[in-house]
Amino acid sequence: MVLSQEPTTTVVTRSRYNYQLSEIIRQRAWVEIDQSALAHNVKQLRALLSKDTELMAVVKADAYGHGAIKVAQTALQYGASRLAIATLGEGIELREAGIIAPIVVLGAVNNPEEIAALCQWDLEPTICTFQQAITFSKTLAQIEQSLSVHIKLDTGMSRLGTLWQQATEFVTLVHQLPYLKIASIYSHLATADELDQTVMKMQQQRFEDAIQQVKAMGISIPCLHLANSAAVLSDRSLHYDLVRVGLAMYGLYPAPHLKSTIDLKPVLQVKAKITQVKIIPAGTGVSYGYQYITQRETKIAVVSIGYADGVPRNLSNRLKVLLKGQYVPQIGAITMDQIMLDVTNLPDVEVGDIVTLIGQDGKHSISADDWAKTLGTISWEILCSFKHRLPRISTSKY
Ligand SMILES: *Cc1c(COP(=O)(O)O)cnc(C)c1O
């Protein structure tokens, strides 16, 4: 790929992709989004599902930091038929971009202004409580609009939804209320990524029992769904009519034991440039608080990315990056906008060289899972942590 220093935006057409490649934003630090890896993952997931099971691309939180609009477009192009987001604003962003696929709001929406906005933007809410259902119906009556809604049952996550034991009463109410059309009934799993499937099976049983009782009332339900990424990869009996996939689409496995299922490619890379190189003597402190003191004469490279970009400060002195295909240690405290590397062992390090914080460089790679492991968190949180200060650049490798 040719890097241009020109402050111009080039529109590049490559096979089936149309993407904007704005080289000027590769100046400091950025996130690269490989749309072809995303397409690959969507196709892999699609191939795992029966043809009657829909794939819903979960693009909440700006598609886990990958850029919701482009991710939604690519996912829809390669086999997803619906989208899910968490907030009203996230849904409006997709509609404003011209996306017309059905969009479900997974988060709770409660007040009349928000309900009117759902109608205006053709977004489908999740109905979690009796009270919420009544508020919706009243508000919709006033504005004379009806809405497709998704009923949420709590089968053991203890987050949103009405408890499964009250499913019949709850679904009957929503069914009877004017202006509400039931588009689906769903629930969410708490432990699908664990090896021990006891809780997951219990939740599935509760879901099935609840649905059985609803059906016995003579209410027909067009769509049932329960599975997140982990459930999709672990058990076909959890697929039902639709699956809600986030993490796997972005190329990460929800748990190590699920790696043998399908081939996923990481979509996101984080890169930054070296802005200064210098040699400092042995015994010199590096960065705030002198958490690192050089043991020997040390060649330092300063890199223009920091915790304000989403590199967790807790990785200070524990972060490794890739430079010229080699692992290089980061030293001293991570600062707001910059980090320092020990590049003593690397010849020819220059200002302008590109450092890979997450991603592949030559034979080696660093994943969001690596960061998550060091920090004692999960890859979902790492992906979501990159700030909007980092421009998202679409690429296509395959
Ligand atoms: C975020 C979310 C998902 C996607 O979960 P992944 O583990 O990323 O696949 C599915 N369903 C609900 C209700 C969610 O909130």
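Aspartate 122 lies in the loop between α5 (112-120) and β7 (124-127); helices (H or I, at least four residues) and strands (E, at least two) are DSSP runs, numbered from the N terminus. The model is predicted, with local features requiring pLDDT of at least 70 and side-chain atom pairs counting only at pLDDT 80 or more, while totals for chains, interfaces and linings use all residues. Residues are numbered from 1 along each chain as its sequence is written, and side-chain values use heavy atoms, with hydrogens and water left out.

Phi of aspartate 122 is near 55°, a positive value in a residue other than glycine. Most residues other than glycine have a negative phi. Aspartate 122 counts as partly exposed because its relative accessibility is 48% (buried means under 20% relative accessible area, exposed over 50%, partly exposed in between; 1.4 Å probe, protein chains only). Alanine 61, found in helix α2 (residues 60-64), also has a positive phi, near 50°. At 37% relative accessibility, alanine 61 is likewise partly exposed.

The axes of helix α6 (residues 130-143) and helix α7 (residues 167-176) come within 10 Å and cross at roughly 0°. Axes are lines fitted to C-alpha atoms, for helices over the stretch in contact, and angles run from 0 to 180 degrees between N-to-C directions. Helix α6 is therefore roughly parallel to α7 (angles under 35 degrees; over 145 is roughly antiparallel, 65 to 115 roughly perpendicular and the rest oblique). Phe130, Ala133 and Ile134 of α6 meet Glu169, Phe170, Leu173 and Val174 of α7 in this contact (heavy atoms within 4.5 Å).
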